Number of protein chains: 4
Amino acid sequence: MPRLAVGVVGASGYMGGELLRYLRNHLRMEVEVIVAGERAGHDAAEVLPNLTWLKGRTLAELRLDDLRGLDLVFLSLPHGQSGLLVPELTAQGVAVVDLAGDFRLKEPALYPVWYGFDHPAPGLLGSAVYGLPELYRKELEGARLVANPGCYATAILLALAPLGPRLEGRRVAVSAASGSSGAGRRAEPHLTLSHLEENFFPYRVGRHQHVPEVLQVLGEKVGAVGGLSFVPHLAPMARGIVATCIVDPAPEEEEDELREVYTDFYSSSPFVEVLPAGRWPEAKWVRGTNRAQVGLGRDPAGTLVVVVALDNLGKGGAGQAIQNANLALGLEEAEGLELEGLYP
Amino acid sequence: MPRLAVGVVGASGYMGGELLRYLRNHLRMEVEVIVAGERAGHDAAEVLPNLTWLKGRTLAELRLDDLRGLDLVFLSLPHGQSGLLVPELTAQGVAVVDLAGDFRLKEPALYPVWYGFDHPAPGLLGSAVYGLPELYRKELEGARLVANPGCYATAILLALAPLGPRLEGRRVAVSAASGSSGAGRRAEPHLTLSHLEENFFPYRVGRHQHVPEVLQVLGEKVGAVGGLSFVPHLAPMARGIVATCIVDPAPEEEEDELREVYTDFYSSSPFVEVLPAGRWPEAKWVRGTNRAQVGLGRDPAGTLVVVVALDNLGKGGAGQAIQNANLALGLEEAEGLELEGLYP
Amino acid sequence: MPRLAVGVVGASGYMGGELLRYLRNHLRMEVEVIVAGERAGHDAAEVLPNLTWLKGRTLAELRLDDLRGLDLVFLSLPHGQSGLLVPELTAQGVAVVDLAGDFRLKEPALYPVWYGFDHPAPGLLGSAVYGLPELYRKELEGARLVANPGCYATAILLALAPLGPRLEGRRVAVSAASGSSGAGRRAEPHLTLSHLEENFFPYRVGRHQHVPEVLQVLGEKVGAVGGLSFVPHLAPMARGIVATCIVDPAPEEEEDELREVYTDFYSSSPFVEVLPAGRWPEAKWVRGTNRAQVGLGRDPAGTLVVVVALDNLGKGGAGQAIQNANLALGLEEAEGLELEGLYP
Amino acid sequence: MPRLAVGVVGASGYMGGELLRYLRNHLRMEVEVIVAGERAGHDAAEVLPNLTWLKGRTLAELRLDDLRGLDLVFLSLPHGQSGLLVPELTAQGVAVVDLAGDFRLKEPALYPVWYGFDHPAPGLLGSAVYGLPELYRKELEGARLVANPGCYATAILLALAPLGPRLEGRRVAVSAASGSSGAGRRAEPHLTLSHLEENFFPYRVGRHQHVPEVLQVLGEKVGAVGGLSFVPHLAPMARGIVATCIVDPAPEEEEDELREVYTDFYSSSPFVEVLPAGRWPEAKWVRGTNRAQVGLGRDPAGTLVVVVALDNLGKGGAGQAIQNANLALGLEEAEGLELEGLYP
């Protein structure tokens, strides 16, 4: 079968590197262009020494002309940059999976509040499909512009979506722990091993930019919660997200029944695993994969606890982006993603 | 000034070792007996090579006769064992600080439910003082039997206590992350570095034994919450607890006013630090100390978030035990505890 | 093309799990039997939750009858056990790759000294091929019994082999650091995160069992060193080996020339990468792969320093075992091994 | 007893922070000035939140006038800066302990080669005392200018010094692993947790600036080695150095006799512990202390292996600086240093 031509823009970041790790094993996509602004001109395998298959490939500067003929482009840039590129790309018939937040929110007015910039192409927000296949699989088929979800948003939505109308009016308190790669390939004092080893701390309490996309999707696809609080934390690990959702009790719920609801909900989703009673998700079991583990239980007071573990660069990022691209291009959903987790 | 004679029972565990680390620098206590059941007969500095001051001291077997003349004994044994020793020790006039859960709960019927044993000395439960000095300082003066709080319970109570009646009827969702030393000096598969490195996972969801002591103390000293859910997690670090408490919104609250309430509440507590607006606790800033950091904020929806960081072996264990012993024996509250944290 | 039937014996260990991780992506091998003694009867994906492709596969007990018809068996058992199985397996025409030390040494008398047991099948030692493809590729073609090298031995031999006769009479001092997975899936006190985090220490100084196989191979294929000292260390990481070899100076050597020698030596070895001047190997760049990085330099006094990094479970174990099996069965050397490293 | 007035210059670095951690517990020194160039004007406890005793103290800019009346100043600045300050300080009668490399080497010509600058005060090099108390205790008494040794140099010298003339003509190969705090409080890509976790790699192979000071001291105090090679590595931990020295065999040596030599050599050195046969040093046993552990053994081929573990910020830096200051000022050698190690 012929391969489709794709490009990766933003290859020198962790997310871009992870896209290229997966794409080596993708039988239907051919990576034709690899863009890495500040490292342009270097050999890709020198900048990404873990990716030997890139030996001899040169990192390119960003030039729209080079992307013109491609079937699809993955944009993995800092928030605020893809909004400037997407109008031209889509106009030229190039499908786009955007890994930043630029097309996740429908409401332009939310961008200055949560992202700190005025959206440059508000007219395109309506046409972007939110790339959480477990909720938007239909919409993703043939999509031309996919907004890849935030890593935390993916975890929280996978935890809550099966509850549907059961969620109505209940408050949800979410605490999540993330590995340091979620902060990107930046060298900042709080990201050094000296600081982060043997450490654990919250950040952006109550004002993380993944909150509005969670609320938007809950509203569209699930049900109106009675409130959602979110506290992200940085944990002393490089990869992984574990989101723990504590949901107000509902007296009539039975744990076994709920587990069945979850299992049914994800029965045709190859990358989401609902764990049996008594087992809970662990970041390490899904490290390096596009998988998510979901565990749930009720505590003695009837509160519902749902925990999701995923790899922030996998199902929380690059893996999911490829899953979305597969759906958008009419390929097998799991193509290129059948790598197993690295343990230990 | 003459020194008081103390004993440490359970010296080969992490908590016992930490007691002895602090006690080296305690000017008013003399460690006369060091008991370590399974390592009895060995040189203490061989079993605890970080503690050079113990060179030449032999670890002893547990013999009540040896403890008889002491002023105070620290019991750091697995749950269920101190209940057997305490009646005789207190009968002989030895003050006891018990670091296990054996005397934390007032209601004997809770022991089989949460700890899995019938309490051997229910008659003593009423006389034990719960050793959280920030709430029970008065009761601790001259106390003969102190139940040292659980590490998570300490963190949660320090987070919630200043709210007092403001807590009435509000639900509280707590997620906490702990270092592996909280599980003690056991070699189990999930505690190996191979498994725990780059990992993060919940455990004992909704059934951790620190829940009933939190509810008991809230009832006695704070106010009746509308519900408390608690999910502990294991994080890839050796020491530290960070407890994140998400409290149902109360429309009238102001963050600045609350911060003042907290600051006032802890104004005479030398080991609790309320952080200014915009700063949040970190496990590493209090590592190796008897300190706790408290941070708080309200999210856009009005939910209150309170985060406490402490060292599970410090303020969450051995440090607090010494603080309690100081109060019980009429010494300076901070004696022996003025060590600074190890950073990085 | 038809697939060859293989078995994995010892699947519940780290090495067995890693074999199965690679084998999922092997197009020419079909895993027909998975043996895991103590976990027999359990679902494989429950014991190895990172390996979703094993869902529904039951772990089997060890029964020679079940292995009889296979083309090849990977034995990943504690030292001393495969010596008992191999005679019967090879007699039945099953090719064997043994990941333990049982067939690495040619001289039976060395087994009691270095491994603590008398070899049960000394007659087979001569027919076993030492499975370091970079040195024994010819001998491995069609081999019926392959002794997979030790993880440290692989690193040291890859570092020294290109020197050939240049090594004659020169002393070599090797220090190496290994991740904790090298010690296997055991829960021992020194392997807990509590102990190993923020720690680093030597072990088995001068008496590690990989020394005699290094000397044997140097004697057969390289040149007689003037002495070899080896000090292994445990580092606070789960995976990876970095071996640093310091070789007595040879006045006439030129670094550039040596680098060319190394590059030529490994020019047809797809899994060994010789780094350019000024770059040194890192454990993380090869994590999760069958690759080795080699770096070299001369210090101002003329001493030669050669450093090799590999993944102890990859090129130091399961990856190399599959590479050996490919050669023994006449398949492509790299089949199933083209996974890229996980970074970060 | 009256306290002596000291200053700490460079307080915002890890080493400066560690000096202040120890100095809290020093009964004979009063910290009168705390200089932290780029953080001047801030509250010290805000920049160093682990050091609560500094609350209310303001970090100062560097002004020689403020240091004039002090008894002693600790200089903890980047290499090349103390050379500019020391002439004036010593001229004013202020004793100096310099934690940088500026006064470690006697030979001015070595500075451009190893440190990259021409020495600004070569005339003072002769008067500086090398601050390794175990070798220079006599010279340190009353010293006015102490060059605090490099962290690696301390480890290597403690390993080799007791050998004395036994070392004559023998080659020594040293590999050492260091925690990331050795690189200082810089945020660089290779120091992030994302990069360094699960990693291990050599750096500055054969050209680390601690080599010349080791050779200088061996020449002055020990014996002329037949060659010294040194390969430092970065390990995924925040603190600690383990140096493994492999020394050419000497046929006549006996391990027990050597151990006695070492024990005798350090019999009056309170901070160096020679381990019994079969035990080896571990970074964690000395973490947070001014101690060093020394272990030794001979391998079957007669090679001598000596391993030293210390805390790079303790005996490898700030702890040793205080030990030197104590000797220089005529105080008890161990004053302020009697803290025990943090375990786990």
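Reply: Taken over all chains, the count comes to 80 salt bridges, a salt bridge being a side-chain nitrogen of Lys or Arg within 4 Å of a carboxyl oxygen of Asp or Glu. This is a predicted model, in which local features need pLDDT of at least 70 and side-chain atom pairs count only at pLDDT 80 or more, while totals for chains, interfaces and linings use all residues; side-chain values use heavy atoms, leaving out hydrogens and water. Residues are numbered from 1 along each chain as its sequence is written, and chains are lettered from A and ligands numbered from 1 in the order in which they are written.

Within chain B, the side chains of B:Asp311 and B:Arg239 meet in a salt bridge, with N and O 2.9 Å apart. B:Asp311 sits in the loop between β13 (304-310) and α11 (314-328) of chain B, and B:Arg239 in the loop between β9 (227-234) and β10 (241-247) of that chain, so the pair ties together parts that lie 72 residues apart in sequence. (Helices, H or I of at least four residues, and strands, E of at least two, are DSSP runs numbered from the N terminus.) Both B:Asp311 and B:Arg239 are buried, a word that stands for under 20% relative accessible area, with exposed meaning over 50% and partly exposed in between (1.4 Å probe, protein chains only).

In chain C, C:Glu188 forms a salt bridge with C:Arg186, and their closest N and O atoms are 2.8 Å apart. C:Glu188 is partly exposed, with a relative accessible area of 26%, and C:Arg186 is partly exposed as well, with 40%.

Since D:Glu139 belongs to helix α6 (residues 133-140) and D:Lys221 to helix α9 (residues 211-222) of chain D, the pair ties together parts 82 residues apart in sequence. D:Glu139 counts as partly exposed at 33% relative accessibility, and so does D:Lys221 at 35%. In chain A, salt bridges with shared partners join A:Glu18, A:Arg21, A:Arg239 and A:Asp311 into one network.

The contact of chain B with chain D takes 32 residues from each, contact meaning heavy atoms within 4.5 Å. About 3,100 Å² is buried there, 53% of it given by carbon and sulfur atoms; buried area is the accessible area (1.4 Å probe) that two parts lose on being put together, summed over both. On the side of chain B, the residues that lose the most area to chain D are B:Asn50, B:Glu340 and B:Leu342, together 23% of what that side buries. Six salt bridges are counted between chain B and chain D, including one between B:Glu273 and D:Lys55, whose closest N and O atoms are 3.3 Å apart. The largest share of the side of chain B that touches chain D comes from helix α1 (residues 14-24) of chain B, with four residues.

Against chain A, 43 residues of chain B are in contact with 43 residues of chain A, and the two chains bury about 3,600 Å² between them, 60% of it on carbon and sulfur atoms. More than any other three residues, B:Glu198, B:Phe200 and B:Lys284 supply the area that chain B buries here, giving 18% of it. The count between chain B and chain A is four salt bridges, and the side chains of A:Glu198 and B:Arg287 meet in a salt bridge of 3.8 Å, N to O. Among the elements that give two or more residues to this side of chain B are β7 (171-178), α8 (193-196) and β8 (201-202), and β7(B) gives the most, with five residues.
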